Amino acid sequence: MSALRVLVGCKRVIDYAVKVRVKPDKTGVVTDGVKHSMNPFDEIAMEEAIRMKEKKLASEIIVVSCGPSQCQETLRTALAMGGDRAIHVQVEGKEYEGLQPFHVSKIFAKIAQEEKVDLVVLGKQAIDDDCNQTGQMTAAILDWPQATFASKVEIDSGSLKVTREIDGGLENIKVKLPAVVTTDLRLNEPRYATLPNIMKAKKKPLTVKKPSDYAVDISPRQEVLSVEDPPVREAGQKVESVEQLVQKLRDAGLVA
Amino acid sequence: MAAALRRAGNHVAQLLKSHVNIFHQCGFIGDSWINGSCIDPTLGLSDEQKQIQKVAIDFARNEMYPNMAKWDQEEIFPLDVMRKAASLGFGAVYCREKYGGTGLSRMDASIIFEALSQGCTSTTAYISIHNMCVWMIDEFGNDELRQKWIPQLASMEKLASYCLTEPDHGSDAANLTTSAKQKGDHFIINGAKAFISGGKDTDMNLVMCRTGEKGPKGISCILVEKGSPGLSFGKKEKKVGWNSQPTRAVMFEDCKVPMSNLVGQLGDGFKIAMRGLNGGRVNIASCSLGAAQSCIELARDHVKVRKQFGKHLENFQHLQFKIAEMATKLVVSRNMVRMAATALDKNWPEKVALCSMAKYFATEECFKICNQAVQIHGGYGYLKDYAVQQYMRDSRVHEILEGTNEIMRVLISRDLLEDGDRKYS
């Protein structure tokens with residue numbers, strides 16, 4: 001069985017440790033001057049792809065990111081971890097604010113086809129929007145099988161054996177390649193980039209494209225009305241007995 | 001970072017189980033608020049340098065910071081973590097790639113040691129000494145020595161020590177008395193060295209010995225491997241800080257070493273030692289920067305938590321001003337150190353004086369910052385449960401070794417008062 005060509009999606013998101021603040025005009029959250037990093041689940045996706053390459057099960061890793069020019073930092077990090085080539089699909093400003101998994105999945109699908117990729121590995125969700133849609137949508141557009149929330153992936157001659165983390169526990173499935181996999185937290189522990197790899201990453205190819213190069217229309221399908229802080233948590237009330245509880249629920253009009 | 005998520009979750013779980021890490025303070029070094037603040041160590045760095053800093057600070061946060069108290073209190077020399085650092089390229093940062101070095105600049109090294117030092121100042125200081133020794137071989141050794149030693153030193157499979165100081169010759173290093181007499185195709189070395197970092201636990205020592213006339217020109221640099229006949233070590237010193245690295249006297253009694261272990265030419269020893277120290281001084285100063293950076297971060301967290309007189313400490317103007325002053329002096333020190341690193345990278349003639357300025361200024365100011373951070377913590381700052389006291393103790397010695405800050409002033413004044421041609425070494 002020949003080695004797989006792998007596509008890994010890397011999203012640049014606000015760093016998980018940042019205390020996110022809503023913009024005064026309520027159109028979104030503050031991103032200027034705020035620390036950004038690679039989506040942690042995408043780091044896990046990169047690590048899995050690199051491990052496959054080290055075992056000679058993967059031949060080339062193409063990393064893709066859709067967004068403003070700062071995405072190139074994220075792509076360079078992915079290259080420094082061990083990616084071979086990067087594609088930056090440039091989407092700036094207002095257009096980027098309207099970019100959704102619906103658009104991104106079309107772009108990934110097109111790239112997967114153009115690059116004759118055998119496996120698409122994505123993080124299960126991005127920690128900024130928590131959509132958990134891109135992997136599934138990409139698989140649907142390509143009409144490929146999907147193995148989401150993967151906590152273990154094994155290649156088995158033309159198929160993948162994947163352990164999925166689901167609400168009930170762990171599910172073991174087998175999917176035929178080509179396929180889409182989305183990574184969950186316990187799949188692996190991402191490596192540090194090494195200094196020599198950071199230096200080598202500079203020389204690895206990074207191509208800049210536009211969504212129109214893939215004939216994808218990125219006009220927004222949603223309009224964000226407002227972004228607000230969650231309500232301040234109110235103090236609760238302690239009651240002495242069940243009767244009191246029922247009375248309070250009645251008073252609040254929550255029970256008859 | 002996914003690992004950090006997992007670790008953050010584990011950390012919370014641990015706290016809930018009252019399973020306390022030695023440090024009571026939560027939060028972690030290199031926190032996200034620093035990005036975009038005036039003390040951000042990545043201000044003004046190129047994208048590549050920022051990536052390098054990120055690897056170093058992530059490594060420091062994950063692999064070193066959780067262990068620094070244990071290493072200090074139990075006097076553990078953390079070989080496994082140092083070797084892990086070396087596997088990322090931190091073992092021979094500014095040696096050429098040709099023989100196995102990472103091939104980065106002194107500026108990159110400064111950024112790296114500053115970041116690692118936030119995780120454990122003492123361990124990083126040793127890593128920087130090791131780096132200095134590998135460089136000396138890369139720069140002055142013949143190809144045979146380079147091929148033999150650099151690969152295994154770069155990976156830290158083998159470790160190095162730098163032996164210049166003697167019990168009777170510290171600042172007066174040019175008059176050292178450890179002698180190496182030629183006998184056949186060997187050197188016979190007699191004498192003793194003091195305060196050697198890594199002593200006995202390292203695999204080779206770069207020893208400055210007298211092979212010729214009195215004074216600096218009669219000194220040569222000889223590589224003495226562990227296990228050489230006549231090589232012995234004193235007891236492990238008990239120190240105020242730098243406890244994660246052993247310090248011992250090194251003794252030579254008719255110690256027999258092959259002549260092929262001569263680094264450079266006969267009589268080059270002092271020059272090699274001093275050139276090594278230029279970089280060593282930038283490295284040690286960088287370690288001080290990291291200690292101070294961590295201390296400011298911890299002090300800042302503390303004043304947001306601690307309340308007295310009905311208010312959080314961050315509302316008292318005295319403390320606001322204190323933290324502002326600490327931050328300003330840190331940034332000034334950082335700039336001085338980076339300028340000295342640039343001077344080495346670009347081989348400016350003024351590099352010796354600039355490295356001396358950087359070393360004395362940064363080590364003094366950064367120790368004061370660590371000391372002030374202890375004060376800001378009040379009584380808690382004096383407890384070993386809190387990291388600030390360790391950064392203070394570890395950084396204190398930086399004012400003394402690799403050339404006392406008094407000698408630094410000698411070198412700077414020499415540059416300023418010289419009437420004739422400056423002797424740039």
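Lys202(A) forms a salt bridge with Glu48(B), and their closest N and O atoms are 2.9 Å apart. The model is predicted, with local features requiring pLDDT of at least 70 and side-chain atom pairs pLDDT 80 or more, whereas totals for chains, interfaces and linings use all residues. Residues are numbered from 1 along each chain as its sequence is written, chains are lettered from A and ligands numbered from 1 in the order in which they are written, and side-chain values use heavy atoms, without hydrogens and water.

Q: Why is the pair Lys202(A) and Glu48(B) called a salt bridge?
A: The term requires a side-chain nitrogen of Lys or Arg within 4 Å of a carboxyl oxygen of Asp or Glu. The closest N and O atoms of Lys202(A) and Glu48(B) are 2.9 Å apart, so the pair qualifies. The count between chain B and chain A is 1 salt bridge.

Q: What makes up the side of chain B that touches chain A?
A: Helix 1 (2–16), helix 2 (47–64) and helix 4 (79–90) of chain B each supply at least two residues; helices are DSSP runs of H or I with at least four residues, numbered from the N terminus. Helix 2 of chain B gives the largest share, 9 residues. This side divides into 13 nonpolar, 9 polar and 8 charged residues, where Asp, Glu, Lys and Arg count as charged, Ala, Val, Leu, Ile, Met, Phe, Trp, Tyr, Cys and Pro as nonpolar, and the others, Gly among them, as polar.

Q: How is it known which area is buried between domain 1 of chain B and domain 3 of chain B?
A: Buried area is the accessible area (1.4 Å probe) that two parts lose on being put together, summed over both. For domain 1 and domain 3 of chain B it is about 2500 Å², with 58% from carbon and sulfur atoms. Arg106(B), Glu114(B) and Gln118(B) supply 24% of the area that domain 1 buries against domain 3, more than any other three residues. The domains of chain B span 47–154 (domain 1), 160–267 (domain 2) and 270–417 (domain 3), with bounds from an automatic or database domain assignment.

Q: Why do Arg334(B) and Glu114(B) count as a salt bridge?
A: Their closest N and O atoms are 2.7 Å apart, and the pair therefore meets the rule. Across the interface of domain 1 and domain 3 of chain B, 3 salt bridges are found.
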